[in-house]
Amino acid sequence: DVYVMKDVTLGFGQALEQCREESQLTEEKMEEFFHFWNDDFKFEHRELGCAIQCMSRHFNLLTDSSRMHHENTDKFIKSFPNGEILSQKMIDMIHTCEKTFDSEPDHCWRILRVAECFKDACNKSGLAPSMELILAEFIME
Ligand code: BOM
């Protein structure tokens, strides 16, 4: 559900700082990863795709061909509270998106398209956490 998605996103976002420089993602292009779920979040900078690739690598979620590593992604999602209720669904959605954009040879661009497709799929299935929910995390701290 949306609470699990919130936790997984925020966990994944922990790698942003390490990856920002390597991906040449300026603060101007993206402030914070939790904006990912904002309705007006833009999927237009190739550097964002490179940053998501770097963040995925940080958690060992990619294969040698920069596709999702299913087993490691399953373990990663299940490392969050109640992750097991969402793991297979998320993996299926990401994999379906990967197949749609498989002909894109540039890893950064392909991953950017996959991320956008994943977000759309989450919105359609009611799994996207609202920004209110994400921000509540920071207010409660
Ligand atoms: O083909 C490469 C697969 C990489 C796809 C990454 C899509 C995810 C976008 C970022 C949102 C992340 C929230 C949680 C990710 C858990 C895997």
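Which residues are closest to the ligand? The legends below start there.

**View 1. The shell around the ligand.** This is a predicted model, where local features need pLDDT of at least 70, side-chain atom pairs count only at pLDDT 80 or more, and totals for chains, interfaces and linings use all residues. Residues are numbered from 1 along each chain as its sequence is written. The closest residues to the ligand are T9, F12, M68, V114 and A115, out of 16 that surround it (C-beta atom, placed from the backbone, within 6 Å). Helix 1, helix 3, helix 5 and helix 6 each give two or more residues to this shell, and helix 6 has the largest share, with four.

**View 2. The nonpolar core.** Here we look at the largest nonpolar core, which has 35 residues. Such a core is a set of buried Ala, Val, Leu, Ile, Met, Phe, Trp, Tyr and Cys residues joined through C-beta atoms within 7 Å, and buried means 20 or more other C-beta atoms within 10 Å of a residue's own. A51 and I94 touch the most other members. Helix 1 (2-13), helix 3 (46-58), helix 4 (70-78), helix 5 (87-100) and helix 6 (107-124) each supply at least two core residues.

**View 3. Around A51.** Skip the neighbours within four places in sequence, and A51 is in contact with L16, C19, R20, S23 and L25 (C-beta atoms, placed from the backbone, within 7 Å).

**View 4. The helices of the chain.** You'll find seven helices and zero strands here; helices are DSSP runs of H or I, at least four residues, and strands are runs of E, at least two, numbered from the N terminus. Buried residues make up 31% of the chain's 141 residues.

Note on methods. Buried ≥ 20, exposed ≤ 12 C-beta atoms within 10 Å, placed from the backbone. Contact = placed C-beta atoms within 7 Å.
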